[in-house]
Amino acid sequence: MDLSNGLPRKELSVWLALLLIALALPSFSPPYVVLSVTSIYMYVTLAVSWTIFCAPTGYVSLATATFFGIGIYVLALLGKTLPLPLVIFLGGVASLFLGILVGLICLRLSGFYFAVFTFGLSELIRNSVLWWEHNITGTVGRWIPSGSAGKVYYSMLIVVTITVITSYLIGRSKYGLALKGIGESEEASEHIGINVTLHRIGLFAVSCFFMGMAGAAMGTKFSYIDPNSAFSPLISFTPVLMSLFGGVGKGYGPILGAFILTFISELLLSRFPYFYTLIYGIIFIVVILFMPKGLAGVLTRTEQA
Amino acid sequence: MRLILDVIISGLIQGAIYGLIAAGLNLQYGVARVLNVAHGEFVMVGAFWTYSMYTIFGCDPLLSVIIFSPISLFIGYLLYKSLFQYIRKSSETAEMFEGNSMLVSFGLLYVIQNLALLWWGTRTMAYSYFCSPLNFLGVTFEANRVLALFIGAAVMAGFYFFLRNARLGKAIRAAAESPTSAELSGIDIHKVLGLCFGLGATLACVAGGLISMMNEISASMGFPYLIIALVVVVLGGLGNILGSFLGGLLLGLVTTVVMYWQPELTLIASYLIFTLVLLVRPQGIFGR
Amino acid sequence: MGFLEGNKVSKHFGGLAAILDLDFRVDQGGIIGLIGPNGAGKTTLLNLISGSLPPSSGEIRFKGEVISGLKPHLICKKGIARTFQSVKLFGNITVFQNIFLASVYGGARDFRKFDCKKRIEELLEFSGIASKSGVLARDLRIVEQKLVELTRALATQPDLLLLDEVIAGLNPAEIALACKMIKQISDRGITIIMVEHVMSVIMSMSDRIIVLNHGEKIADGSPEEISKDRKVIETYLGEDAPC
């Protein structure tokens, strides 16, 4: 049932055009551009999957790195024996199940506590895997069956497209509406028949699924992976920054935020390697001060003006 | 016996540092509601300031700490008044304020760390101060470590009495409990919150100074201390300053014990305690 | 088999007993008033029935099944709906969407999407707020918000409707409107338990009244019996005199 306005034809054609350009990109761009764009796809996927759960519920999850890292490890373990698409799918599945487990444990925590718990859990897992590899398996890190730049690019493109489409469909479905209701009043939602716990865990699991797929797809870019890179806290923080920067009020916010921030950081990294974080930090502060609702907030206001 | 004493005292020294840093973060988040992820960077700045003053001017670290305490208080106050108060006024909801102020502090983190890297480079540095061996309660320590313990304890005690008895301290506690009631009873809430933020920064800098006396420092040392501060704040209870001091001591003891037993498990132990406390008693061991 | 029964129901908060050893029985049909001084435990009782809170001891049965301890969404699906003392609408979505959620999640299992829009429009007509269908819930006046919350509860097709101080904050004209609606809902066969402080309304609308004080039932009978009950009069001495 059409709960909100359907996607107007103009917007749809813009997205289709972008998709066509994306499909053709490797044929007319140098390899470093392809790699950069692949990174952008990764961050878009992470930002959008983070937003799928955290925007309607108001939670801040800092465990993205864990679910992403699991995807990479699934690739490391199964990449040689199974075809890539299946491995990517399984990476998502593994993260999904862990997501359900984590959700069951900690979704009853509120705001600040949920955020720090997910962060603590993420770091606990990272350090535990590190310790395990150090002491039990003897080697830190694993070799990964790697793929060509083109293979990584198209894998990531498929993942990001599926993620964005799913996010859009959820937003327009009755589940998306129920989640908005849960965000506003959990008690009222329960009393009209919505199983709040199930919805939250389900949504969290979906979010983790895409993070896992992103990990498995991205993993083929590296030939070697260790717990510190796979589960790096930076992978948890960056999508949060990007989503809030782009604005979580609108669907395209995280996509825009991820795109622009990744682009800026790649640009700054190559031009000003010594001042990179300084300039990044200043831009960040200025944007948050003057655009508290993110870029999407500004665009909405200019639309209405 | 000597080993036990060694572990306990080492743990308390470590814990005193943790307590100071955590209390600082608790003032900033528990009261002023700013989750300052750049808190660790203030520790680093304090450490480097002390280091520079000693190596360049030969200035006694304790004197440095005394000098920069009011400076860091002022800078912290300014930061709050310029950045965070602005965000508070322009945020529609409390969640937006907390989210945006956290993001701004992320920006601060990047800026401060980059500046530190530019100024001091990536190498680790250290200086020797007061490191003759001292026999304390039967165990030998470097004198600077014992000194750090006493100063840390003194600052904690002093601050605790300040909160209890001084007018400003009581205003802070009032603001921590209920900002709106505090405002209604005539307290200039923004001044108090600004001071809280400044005091938090000062505690971090003092801790940094003490750390520099004992350990090596580097431009990237801040972040791990932020994490520890978070763990201790949760252990001690959000908004409970005394809880942060006690929690810090507790964590210091536990991590030191683990370090003597199985050094590789130190971080894991911290995170394990952290997650368990959150699941079992999220308001903290000492929290209400 | 009783419709709604409570057996030695208690609810403690810390050391305080909000409800103590309460037995109650409600038959299907009609309007039951639930009154008592502030702090008597009226809202707590509604919370126990609707599932917001589990009882500390005792049992509540609905249509023969034990519902105490179940989560609210399950109790909703069994046929109990409620409104809240302070309106809990989903402010950032439209009136229609508020009702839609209740329909889809709380309605009967054999519900079809095709019927959904029609049914919701019918409900909106019934409540008189059809014109506000596309308005964001937070942009409504208080009386309209209460009507939306009432309609939302109705959308879950309940057999039992719990109303918690629906008419608080309404002017006389709005109160008359609300009372008319409640009567119409009752005429449709839905049993209603309403908590109210305005005596005249309770007396005129209820078929039966239960009076609580300090978490215990002190009277249970027709409005006439209640108005003559000495214990009730004593309880209210100094407060609103029963009319």
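In which sense do β7(C) and strand β8 (residues 191-195) of chain C pair, and over how many bridges?

Author: This is a predicted model, and what follows is computed from it. β7(C) and strand β8 of chain C, residues 191-195, pair in the parallel sense, and five bridges join them. Within this pairing, Leu162(C) stands opposite Ile193(C) in β8(C). The two strands also belong to a right-handed β-α-β unit, in which helix α6 of chain C, residues 172-187, is the helical part.

The burial of the strand can be taken residue by residue. β7 of chain C covers residues 160-164, and five of its five residues are buried. In a regular strand the side chains alternate between the two faces of the sheet. On one side of β7(C) are Leu160(C), Leu162(C) and Asp164(C), and on the other are Leu161(C) and Leu163(C). Every one of these residues is buried, and both faces of the strand are therefore covered, given that a residue is buried if 20 or more other C-beta atoms lie within 10 Å of its own.

The largest contribution from chain C is that of α3(C), with seven residues. By type, this side of chain C divides into 11 nonpolar, eight polar and six charged residues. In total the contact takes 25 residues from chain C and 17 residues from chain A.

Chain A touches chain B as well. That contact takes 32 residues from chain B and 28 residues from chain A. On chain B, two or more residues each come from α3 (61-90), α4 (94-120), α9 (222-236) and α11 (266-280). α4(B) gives the largest share of the side of chain B that touches chain A, 15 residues. The side of chain B that touches chain A divides into 22 nonpolar, eight polar and two charged residues. There are two pairs of chains in contact, and chains A and B share the most contacts. Chain B and chain C are joined by no contact, and their closest C-alpha atoms lie 14 Å apart.

Chain A itself has 14 helices and two strands. Its radius of gyration is 19 Å, close to the 19 Å that the globule rule gives for 305 residues, so chain A is as compact as a globular protein of that length. The C-alpha trace of chain A spans about 55 × 45 × 40 Å along its principal axes. Buried residues are 48% of the 305 residues in the chain. Of the contacts in chain A with a separation of 6 or more, 78% are between residues 24 or more positions apart.

One residue of chain A illustrates such contacts. Leu295(A) is in helix α14 of chain A, residues 294-304. Leaving aside neighbours within four places in sequence, Leu295(A) is in contact with Phe245(A), Gly246(A), Gly247(A), Gly253(A), Leu256(A) and Gly257(A). Leu295(A) counts as partly exposed because 18 C-beta neighbours lie inside 10 Å. The C-alpha atoms of Leu295(A) and Trp132(A) are separated by 43 Å, and the two residues are 163 apart along the chain.

Back in chain C, two lysines deserve a look at the backbone. Lys8(C), in strand β1 of chain C, residues 4-13, has a phi near 50 degrees, a positive value in a residue other than glycine. Lys8(C) is exposed, because 12 other C-beta atoms lie within 10 Å. Lys63(C) lies in the loop between β4 (57-62) and β5 (65-66) of chain C. Its phi is also positive, about 50 degrees, although Lys63(C) is not a glycine. With 16 C-beta neighbours inside 10 Å, Lys63(C) counts as partly exposed.

Note on methods
Residues numbered from 1 in each chain as written. Chains lettered and ligands numbered in written order. Predicted model: local features only at pLDDT ≥ 70, side-chain atom pairs only at ≥ 80, totals over all residues. Helix = DSSP H or I, 4+ residues; strand = E, 2+ residues; numbered from the N terminus. Rg over C-alpha atoms; globule rule 2.2 N^0.38 Å. Contact = placed C-beta atoms within 7 Å. Pairing = 2+ DSSP bridges. Right-handed = clockwise from strand over helix to strand, strands pointing away. Nonpolar A, V, L, I, M, F, W, Y, C, P; charged D, E, K, R; others polar.
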